[in-house]
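I opened the model to look up its nonpolar surface, its core and its aromatic pairs. My entries follow in that order.

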Amino acid sequence: MTTSRLGWADVARGGAMMLVVLAHTLQLMEVGGWDLGWLDTLNIFLTAIRMPLFFLISGVFAANAIRRTWGGIWRSRLALLIYIYFLWSLIRALWFTVVPWPLGDTHPWVALAISPVWPTNGLWFLFALVLYLVIGRLTARWPLWIPLVLSGAVSVLAAYDLVPTGGNGVWRSIGLYLFFFVLGARLPDVWKTVAARSTAVLLIPAILVIPLGFFLFTRLPDAAEGIARVLLSVVCVAACLVIAAMIAKVRWLAAPFLAVGTRTLPIYVTHAILLAVLVPLVPVGSVPAVVVAVVMTAVAILVALGLFVLLGPVGGVYNLPKPIARRLARRADAT
């Protein structure tokens with residue numbers, strides 16, 4: 001048994017992070033000329049899982065934070081997220097001035113300049129999380145059904161591409177995944193119950209419902225795909241939580257997921273700059289695409305974890321600078 005307080009949540013978050021790294025690996029391979037075949041189809045379907053699962057778990061972990069004072073949520077969450085967002089936006093601008101980044105059309109320094117109000121790069125998750133936390137705090141005292149209905153409507157509209165984005169697809173993603181953060185933040189006990197009641201008997205149905213859901217989705221008329229996209233993600237996320245809960249009960253099986261799931265921030269901010277260097281090193285077609293995808297994903301995660309071991313203790317790299325952290329801690333002690 002894992003000793004993590006919410007081991008199933010860390011396992012699920014670790015799995016989602018692995019899928020995010022895999023997605024960027026496959027995208028870089030595709031623009032690099034690799035023939036991905038079925039991997040491309042798989043990557044498209046996995047959009048229904050990775051970010052909805054990631055944001056739902058983020059909501060579960062933020063359930064208490066959104067009920068704090070504004071000072072409390074600033075000290076516990078927002079200050080770090082905003083600092084890391086701008087720090088690593090600067091690092092990306094420096095890095096991608098030298099290293100090509102073929103997955104974005106915005107110049108890295110332009111992306112940095114507009115990042116306070118117009119997220120365009122792979123750090124948009126941090127921007128979205130800040131926005132979601134603010135929304136969560138503003139609506140924390142509202143009756144449950146209101147934020148659920150409103151966020152659900154926004155997500156469905158985004159799924160139909162009816163949310164104004166100004167040509168920036170990141171805003172569609174932010175709208176699409178809002179519902180899942182709200183589900184996690186306002187209904188954490190529901191997901192904890194799902195995990196707690198997961199058994200080996202439920203494991204096989206949970207595994208089978210995901211490909212079945214994908215299959216049924218492909219048979220729907222276009223008019224139904226928007227709302228079905230959101231419902232499909234809800235079903236897949238619930239199934240993934242059952243799977244994660246069962247994995248968390250087996251120490252050796254849970255170990256790699258926990259290693260990633262408890263360190264998602266350093267992996268998230270560093271994996272793209274690593275992949276931009278690693279993926280082009282493999283000659284196109286020299287080995288099967290699936291081997292490259294798996295190996296590059298694993299290497300990027302391992303190197304990111306290694307960098308965290310080396311630089312994690314240094315204030316201001318993956319955490320707040322120590323003077324700022326101490327100041328916030330003193331303010332927390334004074335309240």
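**Entry 1**

I first located Val291, which lies in helix H14; helices here are DSSP runs of H or I with at least four residues, numbered from the N terminus. This is a predicted model, in which local features need pLDDT of at least 70 and side-chain atom pairs count only at pLDDT 80 or more, while totals for chains, interfaces and linings use all residues. Residues are numbered from 1 along each chain as its sequence is written, and side-chain values use heavy atoms, with hydrogens and water left out.

I looked up the exposure of Val291 and found a relative accessible area of 40%, so Val291 is partly exposed. The classes are buried under 20%, exposed over 50%, and partly exposed in between, with a 1.4 Å probe and protein chains only. Accessible areas come from the Shrake-Rupley method.

Which residues make the nonpolar surface patch? I listed Trp38, Leu42, Val287, Val290, Val291, Val294 and Val295, with an area of about 580 Å². The elements that give two or more residues to this patch are helix H2 (38-45) and helix H14 (289-311). H14 gives the most, with four residues. Patch residues have over 30% relative accessible area and no salt bridge, and nonpolar side chains are joined within 5 Å. A salt bridge is a side-chain nitrogen of Lys or Arg within 4 Å of a carboxyl oxygen of Asp or Glu.

I then checked Thr297, also found in helix H14. At 8% relative accessibility, Thr297 counts as buried. Beyond residues up to four places away in sequence, Thr297 touches Met18, Val21, Leu22 and Thr25; contact means heavy atoms within 4.5 Å.

**Entry 2: the nonpolar core**

I recorded 109 residues in the largest nonpolar core, where Trp8 and Phe55 have the most contacts. Helix H11 (residues 225-247) supplies the largest share of this core, 13 residues. Such a core is a set of buried Ala, Val, Leu, Ile, Met, Phe, Trp, Tyr and Cys residues joined through side-chain atoms within 4.5 Å.

Leaving aside neighbours within four places in sequence, I found Phe55 in contact with residues including Trp124, Phe125, Tyr132, Tyr177 and Phe181. I followed Tyr177, which is found in helix H8 (residues 169-186) and is buried at 6% relative accessibility. Among the contacts of Tyr177 outside its four-place neighbourhood are Thr47, Met51, Pro52, Ser155 and Arg229. Tyr177 and Ala159 are 18 residues apart in sequence, with their C-alpha atoms 9.5 Å apart.

**Entry 3: aromatic pairs**

How many aromatic pairs does the structure hold? I noted 17. Rings of Phe, Tyr and Trp (its six-membered ring) pair if their centres lie within 6.5 Å; planes under 30 degrees apart count as stacked, over 60 as edge-to-face and the rest as tilted.

I examined Phe54 and Phe125: their ring centres are 4.7 Å apart and their planes are at 40°, so the pair is tilted. This pair links distant parts of the chain, with Phe54 in helix H3 (residues 50-62) and Phe125 in helix H6 (residues 124-138), 71 residues apart. Phe54 is buried at 2% relative accessibility, and Phe125 is buried at 6%.

Next I took Phe127 and Trp171, an edge-to-face pair at 5.7 Å centre to centre with 90° between the planes. Phe127 in helix H6 and Trp171 in helix H8 are 44 residues apart, and both are buried.

Finally, I noted that ring pairs link Phe54, Phe55, Trp124, Phe125, Tyr132, Tyr177, Phe181 and Tyr268 into a cluster.

Conventions. Patch = residues over 30% accessible without salt bridge, like charges linked within 9 Å, V, L, I, M, F, W, Y side chains within 5 Å. Areas by Shrake-Rupley, 256 points an atom, 1.4 Å probe, with all protein chains shown as cover.
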